[in-house]
Amino acid sequence: MTQMKVKDLLPIPELMEARRVLCVQAHPDDAEIGAGATVAKMTRAGTGVVYLTVTDGGVGTTDAAITPARLARIRRREGEEAAAVLGVREMLWADFPDGRGLELFAVREKVIEAVRQVRPDMLMVMDPWLPYEAHSDHRITGLAVAEAAIMSGFPHLHPQQLAGGREPHAPQAVAFYATSRPNTFVDVTGTWPLKMEALAKHESQFTPESLDMIGAYLAAKAREHAAGRGYEMAEAFKVLTPTHLHMFEDAWQC
Ligand SMILES: [Zn+2]
């Protein structure tokens, strides 16, 4: 007799069945790096994808001559151009200062507000539990989204947001990109060139050499994720429901 495993009691939602997605990133290029080809595949299939960028990206440079305010303006334009390549037409900007230490509850409040406005069935964000992730903007943003997923349906949280159609709304799942524990592999063979084209829009972030290096690394990872699945390139995600994200001991191995 086969015994049912606890982790199998709670099915993982199918990422590509989402019809409306709120894709959250700490900085203006994170989603392209982690999930750009999947975003392009979703918008081509008619799924509405809205971006929420948490910080202004103003410190992402080694050039002391460029001010954070000017870099933030450049990066917003680059982000808009990259998103347009992927078919994303709506972008929200929280404009927290980049790299200065995000406050979890302030970011969570912004994410909950965006969830109630956009009303997605799926959230996307970088995995805050990625081992060795050193950037606190990435960790705090991921944690804020995970917590928003379990709390945005509660009317007593941030009741001032409820006016103007921003009623409580509970997404069905969170898809974490840049994860070391993937449970979902999306065939992105057809949209891989769009991811690379979008990445190239972030001119302030890459030299031609570093763009080639990251492109080669991402392509090698995509082939690794696709190996044995019958297609060439895959992006990998950890998809979890809000139930998994709250006192569920098997979530790490789901
Ligand atoms: Zn980043």
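Helices here are DSSP runs of H or I with at least four residues, numbered from the N terminus. By that rule, His 225 of this predicted model lies in helix 6.

Seven strands make up an open sheet with mixed pairing, arranged in the order 3-2-1-4-5-7-6. Strand 3 (90-96) and strand 6 are its edge strands, each of them pairing on one side only. On average, neighbouring strands of this sheet are turned by 25° against each other, direction ignored.

Val 186 has Glu 235 of strand 7 as its bridge partner. Strand 6 covers residues 184-187 and has two faces: Thr 184 and Val 186 are on the covered one, Phe 185 and Asp 187 on the uncovered one.

**Helix 6 and His 225**

Helix 6 (residues 208-226) lies across strand 6 and strand 7, and runs at about 65° to strand 7. Which residues does His 225 contact, leaving aside its neighbours within four places in sequence? They are Phe 185, Ala 234, Glu 235 and Ala 236. Glu 235 is also the bridge partner of Val 186. His 225 and Val 186 themselves are 39 residues apart in sequence, while their C-alpha atoms are 8.9 Å apart in space.

**Helix 3 against helix 4**

The axes of helix 3 (residues 104-118) and helix 4 (residues 136-151) come within 8 Å and cross at roughly 50°. Helix 3 is therefore oblique to helix 4. The crossing of these two helices is right-handed. On the side of helix 3, the contact is made by Leu 104, Val 107, Arg 108, Val 111, Ile 112 and Val 115. Helix 4 contributes Ile 140, Thr 141, Leu 143, Ala 144, Val 145, Glu 147, Ala 148 and Met 151. Sorted by type, the residues of this contact divide into 11 nonpolar, one polar and two charged.

**Residues with positive phi**

Most residues other than glycine have a negative phi. Asp 95, in strand 3, has a positive phi near 60° and is not a glycine. Arg 119 is not a glycine either, and its phi is positive at about 55°. The place of Arg 119 is the loop between helix 3 and strand 4 (122-126).

Are Asp 95, Arg 119 and His 225 buried, exposed or partly exposed? A residue is buried with 20 or more other C-beta atoms within 10 Å of its own, exposed with 12 or fewer, and partly exposed in between. The table gives the count for each of the three.

| Residue | C-beta neighbours inside 10 Å | Class |
|---|---|---|
| Asp 95 | 15 neighbours | partly exposed |
| Arg 119 | 18 neighbours | partly exposed |
| His 225 | 19 neighbours | partly exposed |

Asp 95 is partly exposed because its count is 15. Arg 119, with 18, is partly exposed, and His 225, with 19, is partly exposed.

Key:
Residues numbered from 1 in each chain as written. Predicted model: local features only at pLDDT ≥ 70, side-chain atom pairs only at ≥ 80, totals over all residues. Pairing = 2+ DSSP bridges. Axes fitted to C-alpha atoms, helices over the stretch in contact; angles between N-to-C directions. Parallel < 35°, antiparallel > 145°, perpendicular 65-115°, else oblique. Left-handed = near helix turned anticlockwise from the far one by under 90°. Contact = placed C-beta atoms within 7 Å. Nonpolar A, V, L, I, M, F, W, Y, C, P; charged D, E, K, R; others polar.
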